[in-house]
Amino acid sequence: MSWLRGGAVAVGLAAAASALAFLPGEPADVSTSRPVTLVSLTGTSAGGSGSAIGRGDGPGIRLLTDGFWSAESPSASFDGRWFLFTGRRAPGSPAAIHRLNVDGSGLRAITAGAGEPGEPILASGDRIVFTDRAPEADGGRALYACALDGSGLLRLTFGPHRDGSPRFLDDGRIRFERTLLAGPLAGRRLMLTVHPDGTNVSPVPGPEADRDDEAEPDAARVVAASRLAEGAPREMGRLTVTPRPAPPVLTSIVNEQRRTGTLLCLNVRDSALPSVAAIPPGAIASVRARRVGGGNGDLAEVVGEAPVHADGSFLMELPADTLVGLTLIGDDGSELASFHTGVWVRPNENRGCIGCHEDRGRAPANRRPMALLSRPPSAGVVYERR
Amino acid sequence: MSAGRRRAARLAAVILCVAAAAGSARWWAVGHVAHFTGTTGQSLDCMACHVAGHGGTITDRLTRPRYLSPLDVAVSPDGATLYVTSSGTGDLLVVDAAARRVSGAIAVGDRPYFVALSPDGAAAYVTDHDADVVRIVDTASKKVIGRLPTGFAPAGIALAGGGIVVANALGSDLSVLDLPPGDAPPAAASPGEAVPAAGVERVRFAAGNYPFAAAGSRDGRRALVTSLLAPPAGPERPPAAELTELDWSGASSAAGEAAGLPRVRRHVVSDAHLLEGITFVPGRSEALVTLVRPRNMLPALQVERGWMMTGGLGILLTETGELAQLPLDEPEMFYADPSDVAATPDGRLAFVSHGGSDVVTAIDLEAARALLDELRAAGRPADDLADTLSASSRYVRARIPVGANPRGLEVSPDGRLLYVAERLDDTLGVIDTATLRRLATIDLGGPRRQTTLRLGEKVFHSARATLQQQFSCRSCHPENHLDGLQYDFEGDGLGRNLVDNRSLLGIRGTAPFKWNGRNTSLYMQCGIRFARFLTRSEPFPFNEQVALAAYLQSLEPPRNRHRAADGALTEAQRRGREIFHRAVRTDGKAIELQNRCSTCHPGARGTDRQRHDVGSASAWDGETKFDTPHLENIWMGAPYLHDGKARTLEEIWTVYSPGDEHGITSDLGKNGLNDLIEYLRTL
């Protein structure tokens with residue numbers, strides 16, 4: 001009977017949308033040249049609360065997601081002709097990412113299955129990026145990507161944490177928010193960037209502080225606070241849909257046939273953390289990589305270890321697609337410092353960093369790291385030729 | 001079988017044959033394109049590569065528009081007239097600053113580069129890069145009234161020490177030229193008449209590798225000359241270009257002072273090269289120089305956060321010699337190819353043009369000085385912030401969008417306007433220095449139509465296709481040449497297979513490309529793998545890839561200054577030619593075919609376009625055979641060998657071919673090797 005409840009909610013939302021058209025202050029612009037405006041709505045009916053997406057640029061609000069118990073997170077295409085949203089047909093039914101033309105036609109499901117996809121955004125090259133469950137932890141979520149027909153599913157972010165609020169930057173990278181769910185830094189929020197193939201995960205430059213709680217500005221999105229009285233159908237936000245340039249398609253060196261990537265660090269002591277920078281030169285013998293574990297988010301089994309050279313550099317081969325935390329090991333085998341936020345490499349990725357939690361506003365010094373003067377551990381691997 | 005059926009059968013057979021032929025042709029074409037581009041799914045447009053890719057479309061060839069390519073600009077002392085070098089047409093354009101239109105054009109030779117005005121504005125001095133002279137222009141009559149011979153390929157020019165200081169780019173030296181004697185300039189030559197030489201060269205000094213820009217102080221007692229490239233240092237040392245300072249304020253000796261000789265100081269700009277623009281700050285003992293800090297010692301495994309290169313501004317305190325470096329980029333946004341710098345008369349603002357990003361950066365010099373004072377107070381070195389990109393927020397006031405490939409900058413005498421030579425738009429931008437907004441565009445009168453070559457030139461000079469716009473093709477190939485650095489690309493392992501950068505001049509007909517000879521064409525060289533391992537962003541669209549290939553193939557090498565105009569060789573060069581082509585050693589023993597110079601370096605281009613093992617591989621190389629480079633203008637291609645470890649031509653044999661792995665030379669002795677090199681310089 002869930003479809004009945006879903007239908008009831010949809011009918012209720014349609015009525016709410018009609019009612020919204022006559023509310024004071026609501027513009028009634030019928031100009032055909034006006035950009036399309038999508039309106040996110042919530043409403044309540046006998047079946048419970050649901051959500052919908054409508055058109056708000058006409059003389060009222062016209063419901064577009066009729067037949068969905070919930071429809072949310074609209075994200076417009078680059079040409080402004082259609083949009084993505086997360087839809088659920090009935091309470092308890094699986095959610096899926098859909099695309100729909102702005103005139104309400106052409107409904108098509110993109111994702112299917114038992115996941116909980118959400119927050120879809122369109123990527124260049126006819127692909128989408130969205131969030132879904134991360135299997136490493138209860139409540140964990142990660143970023144994924146797939147083609148517009150649902151094929152080519154690719155996981156982009158890794159670890160037992162909750163990733164969300166993805167958006168594309170003008171340079172083609174994805175910016176997202178990571179909430180640490182476990183470990184000593186549980187509850188902390190980080191702003192990270194990643195390439196659309198999951199490589200080069202990196203904190204946003206600036207102080208490595210918690211994320212500012214203000215909403216990120218988005219040229220295409222105008223989020224309005226709820227303007228209606230408690231209990232009435234509510235408009236949750238508006239999305240002005242206008243054609244906009246697609247971000248560049250960043251090329252990828254990921255080779256899914258490989259199982260490892262490498263991490264090159266130029267100087268472990270080059271750190272914005274005073275405790276690390278204060279470690280005397282030569283006191284760090286090696287660096288150990290351990291998987292960031294599932295349950296409590298602590299560092300679990302060792303997945304790699306590499307010597308730290310006199311200049312502080314190291315080169316380590318790491319298992320791909322695994323969030324690892326690094327521990328600095330002293331001459332006597334003691335653990336000098338551990339970094340729990342972690343990093344991952346994708347298959348075939350060569351990742352570079354200046355130091356352990358270095359100043360993100362700095363470029364590296366132009367010195368050949370000593371770690372490259374010894375034979376790289378992956379020397380036997382056949383690399384693709386440029 | 002009836003006649004009708006036979007005809008039908010014949011027709012069907014013909015159709016089948018045609019279809020089979022068409023299918024085969026398409027199959028071959030797909031393979032052909034894949035072979036030369038390295039990718040599948042490319043366009044099968046034959047004309048794109050075989051016509052447009054070799055010099056432009058048919059329309060381009062018929063119309064042959066001549067672009068102006070304004071490179072430098074000077075403003076008359078009263079601010080009323082602008083003088084712009086039109087490097088594409090060989091003119092010095094005269095622009096009415098008030099009317100904002102071109103009022104005249106003075107033919108000043110083959111390829112005018114930089115222009116300097118006499119203090120009273122009566123004369124303009126223009127370097128002619130191809131003709132090795134400075135042209136003297138009488139601004140009143142708008143005529144060339146004299147010429148001053150210089151060293152090889154003069155570029156930057158400045159007035160100082162009672163004469164003219166000229167940076168001789170290909171000579172790696174600078175000339176101090178005396179002006180014509182007396183107050184009156186030489187009489188103007190009539191049209192078509194050769195302009196007589198006037199003035200003499202007072203002295204010539206070594207001035208780093210590829211001297212480029214020059215600036216003179218207001219009092220005329222100092223001059224600075226930048227070098228574009230760092231001296232070849234081998235793959236294990238970071239580059240450090242030089243600034244050469246000429247100081248007439250206190251000559252090193254009485255005799256020197258009497259002869260008008262300056263004291264010479266060299267400032268090493270650590271970890272930097274591509275010093276393209278320089279200016280003295282009015283009213284202060286400061287000079288500003290643009291620079292690029294490459295990261296060639298690191299594997300090129302990412303672009304973000306300046307892992308390939310960053311741009312910077314050097315601040316030289318002329319009294320103390322302290323040279324500070326400050327970044328011009330931001331942590332996630334880069335402004336490629338800092339090209340020129342200018343300062344306002346009050347010394348409070350400076351401007352830097354970024355040729356790769358079509359932007360001019362406005363810099364608050366007071367804020368920069370305050371930051372450097374903080375460094376000094378904290379006892380930190382002057383270049384301590386050179387890599388701290390976030391520091392730029394302290395002193396960058398604005399990023400001002402301008403036309404394509406901005407190069408020369410000049411501030412008006414009253415400090416209110418900044419003029420920008422927008423080289424690839426054939427325009428002059430006018431910027432209000434108070435509001436830091438673009439006021440106007442002066443159309444210099446270039447062709448409206450964009451040819452394939454011009455599009456390719458724009459692609460080459462733009463950083464738009466690179467992640468975060470960090471660098472352009474030109475960033476590694478300044479002046480279409482080379483940067484003299486070695487790089488470690490990640491595709492073949494970190495820290496392995498270092499490769500020396502190679503010149504693009506004269507590249508046509510020398511395929512394959514890359515030291516491993518695996519790129520069969522420029523389409524492959526500049527294609528998807530270029531994006532995957534270098535620019536990290538979208539590959540060039542096919543039309544831009546074709547245009548870029550066309551542009552690269554159009555790049556002609558400069559006139560070889562070591563070769564006489566009539567082709568005659570000196571005695572040493574003749575002896576060297578005999579050595580190059582010899583088949584027997586000095587002791588009369590035969591030289592095996594594979595050990596003769598002319599075997600691997602045959603013909604006019606000096607390459608058999610094959611890979612050979614010349615013993616240059618190190619333990620870090622994955623292979624031992626490397627592409628044979630062409631020898632055209634090899635004299636200006638240092639460093640040498642696939643990983644750039646030979647700093648000079650001599651070192652190829654004296655250091656890196658001890659067992660005659662690179663041809664038989666051990667029997668030659670010093671004099672024989674000198675002769676061989678003398679000959680090689682003529683190629």
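Me: At what angle do helix 11 and helix 14 of chain B pack, and how far apart are their axes?

Reply: The model is a predicted one. In it, helix 11 (residues 571-581) of chain B packs against helix 14 (residues 669-680) of chain B at about 95°, and their axes are 7 Å apart. Angles of 65 to 115 degrees count as roughly perpendicular, and the two helices are therefore roughly perpendicular to each other.

Me: Which residues of helix 11 of chain B meet helix 14 of chain B?

Reply: Among them are Ala572(B), Arg575(B), Ile579(B) and Phe580(B), and the residues they face in helix 14 of chain B include Asp675(B), Leu676(B) and Tyr679(B).

Me: How is a sheet to be read, and what is the strand order of the open sheet in chain B?

Reply: Strands of a sheet pair through backbone hydrogen bonds, in either a parallel or an antiparallel manner. The open sheet of chain B has four strands in the order 26-27-28-29, with antiparallel pairing. Strand 26 (406-411) and strand 29 (437-443) stand at its edges; each has a single partner strand, so one side of each lacks a neighbour in the sheet. On average, neighbouring strands are turned by 25° against each other, direction ignored.

Me: How many bridges join strand 28 and strand 29 of chain B?

Reply: Six bridges join strand 28 (residues 427-432) to strand 29 of chain B in the antiparallel sense. Asp432(B) has Arg437(B), in strand 29, as its bridge partner.

Me: Is Thr111(A) buried or exposed?

Reply: Residues under 20% relative accessible area count as buried; Thr111(A), at 12%, is therefore buried. Thr111(A) is placed in the loop between strand 7 (108-109) and strand 8 (118-123) of chain A. A polar atom of its side chain lies 2.8 Å from the backbone nitrogen of Ile97(A).

Methods
Residues are numbered from 1 along each chain as its sequence is written. Chains are lettered from A and ligands numbered from 1 in the order in which they are written. This is a predicted model: local features need pLDDT of at least 70, side-chain atom pairs count only at pLDDT 80 or more; totals for chains, interfaces and linings use all residues. Side-chain values use heavy atoms; hydrogens and water are left out. Axes are lines fitted to C-alpha atoms, for helices over the stretch in contact, and angles run from 0 to 180 degrees between N-to-C directions. Angles under 35 degrees count as roughly parallel, over 145 as roughly antiparallel, 65 to 115 as roughly perpendicular and the rest as oblique. Contact means heavy atoms within 4.5 Å. Buried means under 20% relative accessible area, exposed over 50%, partly exposed in between (1.4 Å probe, protein chains only). A polar contact is a pair of N or O atoms within 3.5 Å; within protein, one must be able to donate a hydrogen and the other to accept it, and residues adjacent in sequence count only if both atoms are side-chain atoms. Two strands pair if DSSP finds at least two bridges between them.
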